Amino acid sequence: MAKRAGEKSIQARHDERRKKRIREQKMRRIAFFSFLALVAVLIVMFFTPLFNIKNVETVGNSRISNEEITNTVGEIAGKNLFSYRKGKIKSRLGKIAYVDKVSVKKRVFPPTIVIDIKECVPAFQAEYAGAFVVVDKPGKVLEQTAEKVEGVPVMEGVTISSAKVGEAVAFKDAELQKTVMLCIENMDKAGILKDITVMSFADMTNITFNYQSRLDVICGTHIDFQRKLALFKEAVNSNKLTENSRGTINLSTTGKAIYTP
């Protein structure tokens with residue numbers, strides 16, 4: 001009986017080893033054919049025209065023309081979708097002054113590159129070297145033009161010493177620049193910057209701006225500027241003023257917004 005049990009134990013181990021070899025052979029065949037399939041897929045993806053880029057779409061751009069984007073990025077159509085690097089597009093478009101952020105997506109069917117651009121928003125324009133420079137809220141120069149740009153607030157009373165497109169603007173008076181840019185930031189936070197037509201910092205004891213070409217606003221100094229703008233918004237939204245109201249709002253008196261038709 002012990003001998004038979006030993007024979008069965010040897011046979012069981014033999015059968016187990018045989019099954020293990022069969023499993024290993026199957027796994028090797030699966031791995032081999034999987035590798036061949038992967039190679040075939042990669043060949044199709046990278047070395048056939050099936051996945052060559054057919055379309056290039058741009059979204060989010062209004063001030064930057066599609067033509068400028070195409071000229072900056074270079075020819076994309078016809079290149080392989082998977083081997084073309086998205087970073088190359090971002091790097092090239094980053095050289096355009098009006099570009100704030102760029103995201104690039106790839107669509108497989110049909111092979112398409114989608115370029116999503118977030119543009120810088122002009123905060124003001126000011127005279128410089130016989131022309132006008134357009135600047136965003138952080139202080140980057142977006143463009144230089146011979147004529148005023150419609151819809152961008154005009155800043156008066158400052159002297160610009162340097163304004164190279166794509167770089168930070170520099171005022172002749174650095175301390176004045178800090179104060180002015182802080183005022184710009186507060187105007188933007190208050191949601192009124194886009195509706196300002198002209199702002200003047202010629203007299204820092206009497207900062208003024210025109211709102212929607214109908215209200216002249218006297219702010220006094222930059223001290224408590226954020227609170228003064230809150231008073232202005234409260235006055236504009238009150239029942240005393242309508243969308244057609246014209247006149248002057250004086251914010252220089254502490255804690256008051258005085259409207260004069």
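Q: Let's start with Arg-227: how accessible is it?
A: Arg-227 is partly exposed, at 34% relative accessibility. Keep in mind that this is a predicted model.

Q: And what does the Arg-227 side chain meet in a salt bridge?
A: Asp-224, at 3.7 Å from N to O. Asp-224 is partly exposed too, with a relative accessible area of 45%.

Q: What about Lys-228, where is that found?
A: Lys-228 sits in helix H5, which covers residues 225-236. Lys-228 is buried but has no salt bridge. The nearest side chain of opposite charge is Asp-224, 6.6 Å away, and a salt bridge needs the nitrogen and oxygen within 4 Å.

Q: So what does Lys-228 touch, leaving out residues up to four places away in sequence?
A: Cys-219, Gly-220, Thr-221, Ile-223 and Leu-251.

Q: Switching topic: how many salt bridges does the structure hold?
A: Seven. One of them joins Glu-57 and Arg-107, with the closest N and O atoms 2.8 Å apart. Glu-57 is in strand E1 (residues 55-59) and Arg-107 in strand E2 (residues 99-107), so this pair ties together parts 50 residues apart in sequence.

Q: Which residue does Glu-175 pair with?
A: Glu-175 forms a salt bridge with Lys-178, closest N and O atoms 3.7 Å apart. They're three residues apart in helix H4 (residues 174-189), about one helical turn. Glu-175 is exposed at 53% relative accessible area, and Lys-178 is exposed at 58%.

Terms used. Residues numbered from 1 in each chain as written. Predicted model: local features only at pLDDT ≥ 70, side-chain atom pairs only at ≥ 80, totals over all residues. Heavy atoms only, no water. Helix = DSSP H or I, 4+ residues; strand = E, 2+ residues; numbered from the N terminus. Buried < 20%, exposed > 50% of the residue type's maximum accessible area, 1.4 Å probe, protein only. Lys, Arg positive; Asp, Glu negative; His and termini not counted. Contact = heavy atoms within 4.5 Å.
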